[in-house]
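Keep the viewer open and follow along as we go.

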Amino acid sequence: VQLQASGGGLVQTGGSLRLSCAASGRTLSTYVMGWFRQVPGKEREFVAGISRSGNPYYADSVKGRFTISRDNAKNTAYLQMNSLKPEDTAVYYCAGKKFPPVVTAAYDYWGQGTEVTVSS
């Protein structure tokens, strides 16, 4: 499966962005999907994931602010990010895998990153 992330940009503190991850080559419904982020000099970290049945999982740092979803008919996964903080600034990546677990760094397929910058 090929993944294409989009939707990043510059936003002020407290603002919102919605990231999209479009899949091609395979049916998204058969994949566990995840969002990760990375800042220079740090390891890539898990942000949110969603099981094939639609159960969401979140990193503690984004719980209550971010929402992951999937639209299998559109072959697209989303990450709605609200109440953004400067510490959310990073390059965000979407990723997919065939099987659980959701909360893991071991995803098989990765999209290119989309940059999110939150100004203070």
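The torsion about the S-S bond of C21 and C94 is about 65°, so the disulfide is right-handed. A disulfide here is a pair of cysteine sulfur atoms within 2.5 Å, and C21 and C94 meet that cut-off with an S to S distance of 2.2 Å. The two cysteines come from distant parts of the chain: C21 sits in strand β3 (residues 17–24) and C94 in strand β9 (residues 90–97), 73 residues apart. Strands are DSSP runs of E with at least two residues, numbered from the N terminus. Both C21 and C94 are buried, where buried means under 20% relative accessible area, computed with a 1.4 Å probe on protein chains only. Searching the whole structure turns up one disulfide.

Before going further, a word on the source: this is a predicted model, in which local features need pLDDT of at least 70 and side-chain atom pairs count only at pLDDT 80 or more, while totals for chains, interfaces and linings use all residues. Residues are numbered from 1 along each chain as its sequence is written, and side-chain values use heavy atoms, with hydrogens and water left out.

Strand β3 also leads us to a sheet. Four strands form an open sheet in the order β1-β3-β8-β7, with antiparallel pairing; two strands pair if DSSP finds at least two bridges between them. At the edges are β1 (2–6) and β7 (66–71), each of which pairs on one side only. Neighbouring strands of this sheet are turned by 15° against each other on average, direction ignored; the axes behind that angle are lines fitted to C-alpha atoms, and angles run from 0 to 180 degrees between N-to-C directions. For a look at one pairing, take β7 and strand β8 (residues 76–81), which are joined in the antiparallel sense by six bridges. I68 stands opposite L79 in β8.

Now return to β9, the strand that carries C94. Three bridges join β9 to β11, and the two run antiparallel; Y92 has T114 of β11 as its bridge partner. Strand β11 also pairs with strand β2 (residues 9–12), this time in the parallel sense over four bridges, and L10 has T117 of β11 as its bridge partner.

K97 is buried yet has no salt bridge, and D108, the nearest side chain of opposite charge, is 6.0 Å away. A salt bridge would need a side-chain nitrogen of Lys or Arg within 4 Å of a carboxyl oxygen of Asp or Glu. A polar atom of the K97 side chain does lie 2.5 Å from the backbone oxygen of F99.

Our last stop is around β5. V47 is found in strand β5 and counts as buried at 1% relative accessibility. Its C-alpha is 8.1 Å from that of S61, with V47 and S61 14 residues apart in sequence. The loop between β5 (45–50) and β6 (56–58) contains S51, which is buried with a relative accessible area of 11%. The side chain of S51 makes a polar contact with the side chain of S53 at 3.1 Å; a polar contact is a pair of N or O atoms within 3.5 Å, where within protein one must be able to donate a hydrogen and the other to accept it, and residues adjacent in sequence count only if both atoms are side-chain atoms.

Note on methods:
Buried means under 20% relative accessible area, exposed over 50%, partly exposed in between (1.4 Å probe, protein chains only). Lys and Arg count as positive and Asp and Glu as negative; His and the chain ends are not counted.
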